[in-house]
Amino acid sequence: MTALTSRAQANRRRIMDIALAELLRHPDATMDQIARAAGVVRRTVYGHFPSREALITALTDAAVEDVTTAFTDHTADLSEPADVALARATLAAWECADRYRLLVSLAQCSVTDAGIRARLEPVRNRATTILTRGLEAGVFRSPLTPRALAHVHEHMLFGLMQAVNDGDLDAEAAGPAAAETVLAAAGVPAGRIAEAVREAEASPVEGATPVAEAMD
C-alpha cells in the first residue's frame, strides 16, 4: 500500500468515525454538517462517498463487520456449554450493535431491511451452528429448526434495539436483558438463564479483542 493510499484510507476512516458520531447525535445531519464536523470541505467527503446514502451504506457495512467479528470471536470454543456461548455471543454483539443502533433506522432506508439481513448472513450461520449444538445436547428446547430459531433471535435483537431507541428499555441494562431474552426463546430453563449469562459475563474469551477496546 502506497503512502498516498494509506493516507486516503486513514482520511476515509476518520470521516466515517466523525459521520457516525454526528448521525448518532443528529440523524438528519447533512453531508455539509458532516464535512464541517470533520474539518474538511464538502468535496473531500464526496470524494470518498458520492452520496449520503453511500456513506450510510459504508457505515452499515462497518457495523456488520464489527458485529460479525464479535459474534465469531466469542463462539470459538466448541467445548463451552451452548447456552453460555450463545449468551456470550449475544452480549458481545450487543455491545457493538448498541453503538450503531440509531444507524439501523437510517440504514433501513438506504440499505433496506433485505440488505441488512443479507449482510448478517455470517452471524446467522454461526448462530445456527450454536443452536444446532445446543438442541442436540438438550441444552435448548424449541419446536423450531436451528435456522428458524436464528431468524427469531435476530429479529428479537432488532426489536430490543428499537425499544432502546424509543426509550422503552434502559440502554445500560439492555445487554444482559438481550442475552436472557435470547436464551429464553431458545428454551433454556428459567432457573438456568441468569446463571448462564453470569458465566458468560465472568469468563472472557482468550485471544478475543475486548469489545470496548475494538470500539475505541
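These legends describe close-up views of one predicted model.

**View 1. Confidence along the protein chain.**
This view concerns how the predictor scores its own model. The average pLDDT of the protein chain is 86, and 92% of the residues score at least 70. Among the elements of the chain, helix α10 has the highest mean pLDDT, 95. The lowest mean, 36, belongs to helix α11, which covers residues 211-214. For residues 206-216 the pLDDT is below 50, and this stretch makes 13 contacts in the model beyond near neighbours in sequence.

**View 2. The largest cavity and its lining.**
A search of the whole structure gives one cavity of 30 Å³ or more. The space in the largest cavity comes to about 460 Å³. Its lining is made up of 27 residues. Nearest the centre of the cavity lie Val67, Ala97, Leu120, Phe158 and Met161. Helix α5 provides the largest share, with ten residues. Sorted by class, the lining holds 21 nonpolar residues, three polar residues and three charged residues.

**View 3. Threonine 90 in helix α5.**
Threonine 90 is part of helix α5, the helix that gives the largest share of the lining of the largest cavity. Threonine 90 counts as buried because its relative accessibility is 3%, under the 20% limit. The side chain of threonine 90 reaches the backbone oxygen of leucine 86 at 2.8 Å. Leaving out residues up to four places away in sequence, threonine 90 touches Phe71, Leu157, Ala178, Ala179 and Val182. Alanine 70 is 20 residues from threonine 90 along the chain, and the C-alpha atoms of the two are separated by 9.0 Å.

**View 4. Glutamate 80 in the loop between α4 and α5.**
Glutamate 80 is placed in the loop that runs between α4 and α5. With a relative accessibility of 12%, glutamate 80 counts as buried.

**View 5. Arginine 192 in helix α10.**
Helix α10 spans residues 190-202 and includes arginine 192. This helix has the highest mean pLDDT among the elements of the chain. Is arginine 192 buried or exposed? Arginine 192 is buried, because its relative accessible area is 18% and the limit for buried is under 20%. A polar contact of 2.6 Å joins the side chain of arginine 192 to the side chain of aspartate 83. Once neighbours within four places in sequence are set aside, arginine 192 is in contact with Asp83, Val84 and Glu199.

Aspartate 66 lies 72 residues from glycine 138 along the chain, and 31 Å separates the C-alpha atoms of the two residues.

Terms used:
Residues are numbered from 1 along each chain as its sequence is written. This is a predicted model: local features need pLDDT of at least 70, side-chain atom pairs count only at pLDDT 80 or more; totals for chains, interfaces and linings use all residues. Side-chain values use heavy atoms; hydrogens and water are left out. Helices (H or I, at least four residues) and strands (E, at least two) are DSSP runs, numbered from the N terminus. Buried means under 20% relative accessible area, exposed over 50%, partly exposed in between (1.4 Å probe, protein chains only). A polar contact is a pair of N or O atoms within 3.5 Å; within protein, one must be able to donate a hydrogen and the other to accept it, and residues adjacent in sequence count only if both atoms are side-chain atoms. Contact means heavy atoms within 4.5 Å. On a 1 Å grid over the protein atoms alone, a cavity is a set of points where a 1.4 Å probe fits but cannot get out, and a pocket is an open set with protein on both sides within 12 Å along at least five of seven lines; lining residues have an atom within 4 Å of a point. Grid points are joined across faces, edges and corners, and a volume is the space filled by probe spheres set on the points. Ala, Val, Leu, Ile, Met, Phe, Trp, Tyr, Cys and Pro count as nonpolar, Asp, Glu, Lys and Arg as charged, and the others, Gly among them, as polar. pLDDT is the predictor's confidence in each residue, from 0 to 100.
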